[in-house]
Amino acid sequence: MAETEEKQSAANIVLVTDGGSVPNPQEFRLINAWSLSLTLAIVSLFGLCLIWPEPYLRILLYLPDGIVVTFQITLMSICFAVPLGFLTGLGRISKNRFFKLIASTYVEIIRGIPLLVQLFYIYYALSRFFQISGITSAVVAISVCYGAYMGEVFRAGIAAIPRGQTEASRSLGFTRFQTMIYVILPQAMRTILPPVGNECIAMLKDTALVSIMAVPDIMQRARSFVGTTYLYFETYTVIALVYLVITLLLSKAVSIMEAKLNYYDTKSR
Amino acid sequence: MKTSLKGLLLAAALFCVALGGLSCQAQAAEKYVVASDCTWPPFELLDENKQPTGYSVEFLKAVAKAAGFEVENRNIAWDGIFGGVATGQYDIVASSTTITDERKKQFDFSDPYFEIVQAVILPAGKSIKSLKELQGLKVGGQIATTGIFVVRDAKVGADIKEYDDVGLAIQDLVGGRIDAVICDEPVAKYYANKKQDYKGKIQLSLRSQEKEYFGFTIKKGRKDLLEKLNRGIKIVKENGTEAQLIKKWMGD
């Protein structure tokens, strides 16, 4: 009985993500998809810069402040989106109908509006009522958007823990709050972390959209470089490689974290 | 008798049509695709039917008529407009492109068809006397336009904000998030004087000294097209069409 339930709930996990797939932590071979992509990206990036410093090196050296802005927006958005997603996830499975309604409405509304439209809305449309800087608008829009996606990830992760766990813990005298904190969440974390990590990586890629609000991120740096030199091919090649290297490194970080969380699982197998 | 007359007329009519068709085929005018970024009034904008119009677009149409070719207009985002002409997605860029040395290295330009200066727009009630006074201010403009280049090259220490189109920059100026907007002078005039929403909120404050010239941009080495454009521009300037267009689009 418990087993079938477990299987069912495992099947219920919906990975709501458009991030790059996290490298498999059990993959120990030297050549795998991740190492191959990273090597290719780094070799081509630095190869291009060494062989043709003009214009490739010039393009690369034009970017650092853009990379800083991109990271700044991503990190700040993660700081807001993850707690927001967690609260939303809890709201979605809450027994309290009010919280459930609020959380579900939020997810439905935000999920149905493209991020680009949200950015325009917060920065340009709402400027009639209050004005926030480009970077703040970016962080607000991205956090709100990804908070909704992550809410679904948290909900699915928590829902995937078999009911028996809650029943056992409640019968041992834990309160519902204690059950959630000490029993459900530690187990749910393992299912939740990879997709949340994916969302964070997707978030970094989506920060490329903020260049529409005159925020000087990597993408905007590239566009203004192209605007003066008209080297479309060269510039966007470098930009693609820079984004690729960053996201590959991040996905490795997520995969290491995942491996740490699953330490005992892998040992016992 | 009557019928034969009818038949004769019919035959004559058919003959004429056929002849017309033939002669049409003989001089089948070449059709060129024209790209304009329609966010730059009064030079390029969209009319009520979402078709490109404006000074540059109509000027080129007049040129085409004079030089005997046809054009098909497309609305293309400014950001990649030079890339598209380089790869041959369209033949001509008619989008208020200033002829600069940097651009001339990559593209060919027709003879100049319009002369402008850059202008700085400020909120109503403020004014500056030189670009130097932009130091420390947030100056907006359309990404990769000569206005941005002018502020950047002046090295006055302004915080430059590059927007996707100049309308968004002006929206931000009216909102108060930036302190100034730089763009081509006729565009500045259009926004400051002709847009009802912005009346009394913004004003044109400073004009740059250096003159810029607009040219139609084409892929490097297309001599035939360049020759046609220049021939047409010459005719349009001489036959009074230019004056009409200036009156139509720039007149107060």
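Mentor: We begin with contact: two residues are in contact if their C-beta atoms, placed from the backbone, lie within 7 Å. By that rule, 12 residues of chain A are in contact with 17 residues of chain B. This is a predicted model, in which local features need pLDDT of at least 70 and side-chain atom pairs count only at pLDDT 80 or more, while totals for chains, interfaces and linings use all residues. Residues are numbered from 1 along each chain as its sequence is written, and chains are lettered from A and ligands numbered from 1 in the order in which they are written.

Trainee: Which helix gives the most to the side of chain A that touches chain B?
Mentor: Helix 10 (residues 218-229) of chain A, with five residues. Helices (H or I, at least four residues) and strands (E, at least two) are DSSP runs, numbered from the N terminus.

Trainee: What makes strand 10 of chain B "largely enclosed"?
Mentor: A residue is buried if 20 or more other C-beta atoms lie within 10 Å of its own, exposed if 12 or fewer, and partly exposed in between. Four of the five residues of strand 10 (residues 159-163) of chain B are buried, so this strand is largely enclosed by the rest of the structure. Across chain B, 43% of the 252 residues count as buried.

Trainee: How do you know that strand 9 and strand 10 of chain B pair?
Mentor: Pairing takes at least two bridges found by DSSP. Five bridges join strand 9 (residues 138-142) of chain B to strand 10 of chain B, and they run parallel. As an example, G141(B) has E162(B) as its bridge partner in strand 10 of chain B.

Trainee: Why is the crossover between them called right-handed?
Mentor: With the strands pointing away from the viewer, the path from the first strand over the helix to the second must run clockwise. The β-α-β path from strand 9 through helix 5 (residues 146-154) to strand 10 of chain B is right-handed.

Trainee: What makes a set of residues a nonpolar core?
Mentor: Its members are buried Ala, Val, Leu, Ile, Met, Phe, Trp, Tyr and Cys residues joined through C-beta atoms within 7 Å. The largest one here has 107 residues, and L60(B) is among those with the most contacts inside it. Helix 7 (residues 134-159) of chain A supplies the largest share of this core, 14 residues. L60(B) touches residues including V34(B), I92(B) and F216(B), not counting residues up to four places away in sequence.
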